[in-house]
Amino acid sequence: MLSEKIIEERLYLEKISQDVKGVRAQMKKEDNLVTLSVRWSSAAAILLFSFFSIYLVQLDTRSIIEEKCYTNYTRSSQSENEKDPPRLEAALQQINSENYEEAVEILNDLPESDHKDWFLLNASLGLEDYDQVDQLMVKIQNDEEHLYFNQIDNYLLYDIYLLKLKRKIFN
């Protein structure tokens with residue numbers, strides 16, 4: 001016969017064994033959750049990188065110019081500064097025809113104006129002259145009265161940054 005002390009020890013060991021099994025089961029569940037969490041995080045990162053890569057590959061200067069450059073503009077009566085609208089229109093036609101160098105030549109001969117700044121920015125963007133683009137964006141952003149002040153938004157800044165990055169990566 002087993003003594004009371006031996007029975008108590010066996011019961012105590014059985015209880016400890018059950019507790020250990022419970023802790024192991026809990027740890028296994030937590031390991032599964034961590035593994036699952038890592039898998040979902042990895043999938044999300046891959047998906048995000050894929051979308052970013054697709055956006056970066058399709059991003060080009062032409063799409064930005066088409067989105068941002070006004071194809072039809074009007075001057076208000078306040079614009080006494082603009083003495084040569086036909087040449088501005090000619091510059092805009094050159095930009096729309098992707099003849100950016102010709103547009104820059106036309107624009108450089110014009111007097112200072114908001115439209116000249118904006119069209120020159122778009123032509124410089126087409127030429128991938130990012131130093132000139134940066135200078136013109138700063139000029140426009142520093143003048144709250146500039147006609148194109150609101151066109152320099154975060155989306156444009158982000159797209160130009162990505163174009164610069166794309167140029168560094170692929171050139």
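A crossing of two helices is called left-handed if the near helix is turned anticlockwise from the far one by less than a right angle, and right-handed if it is turned clockwise. The structure shown above is a predicted model, in which local features need pLDDT of at least 70 and side-chain atom pairs count only at pLDDT 80 or more, while totals for chains, interfaces and linings use all residues. Residues are numbered from 1 along each chain as its sequence is written, and side-chain values use heavy atoms, with hydrogens and water left out.

The description may begin with one pair of helices. Helices here are DSSP runs (H or I, at least four residues), numbered from the N terminus. Helix 2 passes helix 5 in a left-handed crossing. The two pack at an angle of about 160 degrees, and their axes lie 9 Å apart; axes are lines fitted to C-alpha atoms, for helices over the stretch in contact, and angles run from 0 to 180 degrees between N-to-C directions. Helix 2 and helix 5 are therefore roughly antiparallel to each other, a term used for angles over 145 degrees. On the side of helix 2, T61, I64, I65 and K68 take part, and they meet W118, N122, L125 and G126 of helix 5.

T61 is buried, with a relative accessible area of 11%; buried means under 20% relative accessible area, exposed over 50%, and partly exposed in between, with a 1.4 Å probe and protein chains only. Leaving aside neighbours within four places in sequence, T61 is in contact (heavy atoms within 4.5 Å) with L125, G126, E128, Y130 and L163.

The next subject is the nonpolar core, meaning a set of buried Ala, Val, Leu, Ile, Met, Phe, Trp, Tyr and Cys residues joined through side-chain atoms within 4.5 Å. The largest such core has 30 residues, and W118, F119, L121 and L125 have the most contacts inside it. At least two residues of this core come from each of helix 2 (61–68), helix 3 (85–96), helix 4 (100–108), helix 5 (114–126), helix 6 (130–141) and helix 7 (154–170). Helix 5 gives the most, with six residues. Not counting residues up to four places away in sequence, L125 touches T61, I64, I65, Y130, V133, I160 and L163.

The structure holds seven salt bridges, each a side-chain nitrogen of Lys or Arg within 4 Å of a carboxyl oxygen of Asp or Glu. In one of them, D117 pairs with K139, the closest N and O atoms being 3.0 Å apart. D117 lies in helix 5 and K139 in helix 6, so this pair ties together parts that are 22 residues apart in sequence. D117 is buried, at 4% relative accessible area, whereas K139 is partly exposed, at 38%. Another salt bridge joins K116 and E112 (3.3 Å, N to O). K116 is buried at 6%, while E112 is partly exposed at 43%. E112, K116, D117 and K139 are linked in a network of salt bridges.

A further salt bridge joins D134 and K164, with 2.8 Å between the closest N and O atoms. D134 lies in helix 6 and K164 in helix 7, so the pair ties together parts that are 30 residues apart in sequence.

Technical notes: Parallel < 35°, antiparallel > 145°, perpendicular 65-115°, else oblique.
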